[in-house]
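Me: I've just opened this one and could use a quick tour. Can you walk me through it?

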Amino acid sequence: MPDNATVLVFAASNSTASINKLLAVHAGNVLKHTLAAPVEIDVLDLNDFEMPIYSPEREKAHGIPQPAQDFFARIGAADGLIISYAEHNGSYTAAYKNIFDWCSRINAKVFQNKPIVALSASPGRRGGATVLKTAVDAAAFFGGEVKGSLSVGLFEQHFDRETDQLSDPELAASLRTVLLALQSALG
Ligand SMILES: Cc1cc2nc3c(=O)[nH]c(=O)nc-3n(C[C@H](O)[C@H](O)[C@H](O)COP(=O)(O)O)c2cc1C
């Protein structure tokens, strides 16, 4: 793996109290510190990429907004991605979908052939499994190579906010497994 491999980490949520951000950042820390992968972690926040809702007329009138270009460039600059998907009504959050739709107008291969670990978390039992399946099934079409995925249900029972760690040993082991697959893909 090149010494300077960069892993872009973000939650597909604009909540400032996002549990998916907690999970994604935790995963980045496990990769860098527990698994000792020689990576730089670049944490991105969707709130820094606010834009008008995509419309063909807006695109025609004003082109693609700078935040979408910046988001696409952040993915392009990374060697791998850790994304944790929040589920809203069985699908992506509107905040993520809007950024994704704008980015797809730059290039449909939004993920730019990067290896991805796809996660999801919710307070309920299913752990955002529906949006995670949608994201994993669609990733290849958008130029993403999903190396592993994991959903974390009953988040408050399974994540220790004091230590910022998954407290459930089985989930922690599963997370390490998917991260090892990402680490291998980084070279
Ligand atoms: C509008 C809305 C719709 C939601 N729909 C779902 C859902 O379909 N499935 C689910 O597991 N949780 C659902 N939730 C609960 C979210 O999982 C919960 O808010 C979670 O904290 C979102 O992740 P985040 O904290 O990373 O934003 C919904 C929450 C909101 C506000």
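Predicted model: local features only at pLDDT ≥ 70, side-chain atom pairs only at ≥ 80, totals over all residues.

Me: Which residues come nearest to the ligand?

Reply: Ser13, Ser18, Asn20, Ala86 and Ser122 do, out of 16 residues around the ligand. By class, that shell has ten polar, four nonpolar and two charged residues.

Me: OK, on to the core. How many residues has the largest nonpolar core?

Reply: It has 53 residues, and Ile83 and Leu119 have the most contacts inside it. Strand S1 (residues 5–12) gives this core its largest share, six residues.

Me: What is Leu119 in contact with, leaving aside its neighbours within four places in sequence?

Reply: Leu23, Ala24, Ala27, Ile82, Ile83, Ser84, Ser149 and Leu150.

Me: Switching topic: at what angle do helix H3 and helix H4 pack?

Reply: About 85°, with the axes of H3 (residues 66–77) and H4 (residues 94–104) 9 Å apart. H3 and H4 are therefore roughly perpendicular to each other.

Me: And which residues meet there?

Reply: From H3, Ala68, Phe71 and Phe72; from H4, Ile99, Trp102 and Cys103. That contact has six nonpolar residues, with no polar and no charged ones.

Me: Last one, Val43. Where is it?

Reply: Val43 sits in strand S2 (residues 39–44).

Me: Why does Val43 count as partly exposed?

Reply: Because it has 14 other C-beta atoms within 10 Å, and buried would take 20 or more, exposed 12 or fewer.

Me: What does Val43 contact, beyond four places in sequence?

Reply: Val9, Phe10, Val25 and Gly28. Its C-alpha atom is also separated by 8.4 Å from that of Val7, 36 residues apart along the chain.

Note on methods:
Residues numbered from 1 in each chain as written. Near = placed C-beta within 6 Å. Nonpolar A, V, L, I, M, F, W, Y, C, P; charged D, E, K, R; others polar. Core = buried A, V, L, I, M, F, W, Y, C linked by C-beta atoms within 7 Å. Helix = DSSP H or I, 4+ residues; strand = E, 2+ residues; numbered from the N terminus. Contact = placed C-beta atoms within 7 Å. Axes fitted to C-alpha atoms, helices over the stretch in contact; angles between N-to-C directions. Parallel < 35°, antiparallel > 145°, perpendicular 65-115°, else oblique.
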